[in-house]
Amino acid sequence: VELGKTLSRDERYCLVTYQQLVGVCLYIFVRPHLAKNIKDVFVDDVKTGMGGATGNKGAVAISLTYRSSSLCFLCSHFAAGQSNITERNNDYSEAIKKVTFPNGRSVLNHDFVFWCGDFNYRVNLSREDAQSAVANNDLTELLAADQLKIEQSAGNIFQGFHEGDITFPPTYKYDLFSDDYDTSEKCRVPAWTDRVLYRARKLPGVGDDWVPGNFHYYGRAELKQSDHRPVLAVIDIKVREVDRNKQKQVVEDVLQGLGPSDGTVVCTPLTGSNTVKITEDIVGSITSSMCEFGDV
């Protein structure tokens with residue numbers, strides 16, 4: 001309720017649905033006038049913590065159809081730890097394989113997939129080198145060592161997904177209510193653990209002006225109540241809408257080509273040496289036999 005009130009301060013939004021797995025929550029809000037175009041709303045979740053036994057790590061997912069386009073939204077929390085890259089890759093693979101919806105769709109069987117969360121991918125640098133790069137605003141050095149980009153380039157995760165340009169400092173890990181990166185005993189290396197990616201598929205019949213989408217904004221909010229800085233994304237996409245007049249015409253054309261709808265059997269003689277000549281006697285005999293079942 002409070003989240004809805006906050007979102008609706010300037011423009012009104014209404015809740016479509018939500019899904020929660022322990023601390024991973026995903027809510028879908030839309031403008032009220034768009035709600036009538038939404039259908040086929042389904043949810044699912046996958047646990048990946050402790051080998052799938054617990055929900056402290058995992059993914060939640062929501063599938064829906066807007067107009068004539070299918071959309072899937074996911075939020076995930078992957079395995080933690082500087083060196084646990086394989087575990088994070090496995091968490092991604094488990095979500096891809098196991099998230100399914102009652103209508104038969106899987107994650108990648110959607111026109112658009114939006115995936116956000118704490119993916120926990122780190123930066124392959126020492127803490128000192130990473131902090132020095134942050135202090136000098138040398139994001140190029142940091143991004144070259146970003147585990148998510150390295151694994152994606154290797155084809156291990158997020159194939160076909162797009163991400164906006166990262167022009168902001170690492171979002172993890174901060175001391176609470178501070179601008180200082182982790183000063184605890186663990187002294188974690190600053191990293192972009194929090195990300196937003198999306199995927200679009202081009203379907204047959206889509207015009208040449210089709211584009212997979214665009215990031216209008218990709219950045220972070222300077223909220224200090226958490227050891228993470230939240231990441232925000234605004235993505236512009238083009239959805240499909242069926243032309244009802246053309247649809248009606250296509251249906252009518254198909255029906256006309258199907259022949260009579262009353263069960264009439266149309267026989268056409270073959271040509272060639274085995275041609276069967278259908279005489280009036282044969283027609284009369286068939287008609288007489290069929291009259292036993294009704295009017296002919």
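This report walks through the strands, helices, salt bridges and a surface patch of the structure above.

The model is a predicted one, in which local features need pLDDT of at least 70 and side-chain atom pairs count only at pLDDT 80 or more, while totals for chains, interfaces and linings use all residues. Residues are numbered from 1 along each chain as its sequence is written, and side-chain values use heavy atoms, with hydrogens and water left out.

## The six-stranded sheet

Let us begin with the sheet. Six strands form an open sheet in the order E3-E4-E5-E6-E8-E7, and their pairing is mixed. Strand E3 (38–49) and strand E7 (161–163) are at the edges with a single partner strand each, so one side of each has no neighbour in the sheet. On average, neighbouring strands here are turned by 20° against each other, direction ignored. Strands, like helices, are DSSP runs numbered from the N terminus (E, at least two residues, for strands; H or I, at least four, for helices), and two strands count as paired if DSSP finds at least two bridges between them.

Within this sheet, strand E5 (residues 69–77) and strand E6 (residues 112–118) pair in the parallel sense over seven bridges. Ser76 has Gly117 in E6 as its bridge partner. Helix H2 (residues 85–98) packs on the sheet and touches E3, strand E4 (54–66), E6 and E7. The direction of helix H2 makes about 140° with that of E3. Contact here means heavy atoms within 4.5 Å; axes are lines fitted to C-alpha atoms, for helices over the stretch in contact, with angles from 0 to 180 degrees between N-to-C directions.

Next comes the hairpin of E1 and E2. The strands E1 and E2 run antiparallel and are joined by seven bridges, with Leu15 opposite Phe29 in E2. Two residues lie between the strands of this hairpin, and Val22 takes a positive phi near 55° there. Strand E2 (residues 24–30) has a covered face of Val24, Leu26, Ile28 and Val30, and an uncovered face of Cys25, Tyr27 and Phe29.

Tyr27 also belongs to a nonpolar surface patch of about 450 Å², together with Leu3, Leu7, Leu15 and Tyr18. Patches are made of residues with over 30% relative accessible area and no salt bridge, joining like charges within 9 Å and nonpolar side chains (Val, Leu, Ile, Met, Phe, Trp, Tyr) within 5 Å. Accessible areas come from the Shrake-Rupley method with a 1.4 Å probe, and for residues only the protein chains shown count as cover. Helix H1 (2–7) and strand E1 (14–21) each supply at least two residues of the patch. Leu3, found in helix H1, is partly exposed at 41% relative accessibility. Buried means under 20% relative accessible area, exposed over 50%, and partly exposed in between.

## Salt bridges

The count of salt bridges comes to 15, where a salt bridge is a side-chain nitrogen of Lys or Arg within 4 Å of a carboxyl oxygen of Asp or Glu. Three of them are listed here.

| Pair | N to O distance |
|---|---|
| Glu163 and Lys149 | 3.7 Å |
| Asp227 and Lys173 | 3.2 Å |
| Arg229 and Asp179 | 3.2 Å |

Glu163 in strand E7 and Lys149 in helix H5 (residues 147–153) are 14 residues apart. Glu163 is buried at 16% relative accessible area, whereas Lys149 is partly exposed at 28%. Asp227 lies in the loop between strand E9 (214–220) and E10, and Lys173 in the loop between E7 and strand E8 (194–200), so this pair ties together parts 54 residues apart in sequence. Lys173 is buried at 16% relative accessibility.

Arg229 in the loop between E9 and E10 and Asp179 in the loop between E7 and E8 are 50 residues apart. Arg229 is buried at 0% relative accessibility. Shared partners join Asp179, Arg220, Glu222, Lys224 and Arg229 into one network of salt bridges.

## Two loop residues

Ala221 is also in the loop between E9 and E10, and is buried at 18% relative accessibility. Leaving out residues up to four places away in sequence, Ala221 touches Arg229, Pro230 and Leu232.

Arg240 sits in the loop between strand E10 (231–236) and helix H6 (244–256), and is partly exposed at 36%. The C-alpha atoms of Arg240 and Ser70 are 9.2 Å apart, although 170 residues separate them along the chain.

Terms used
Buried means under 20% relative accessible area, exposed over 50%, partly exposed in between (1.4 Å probe, protein chains only).
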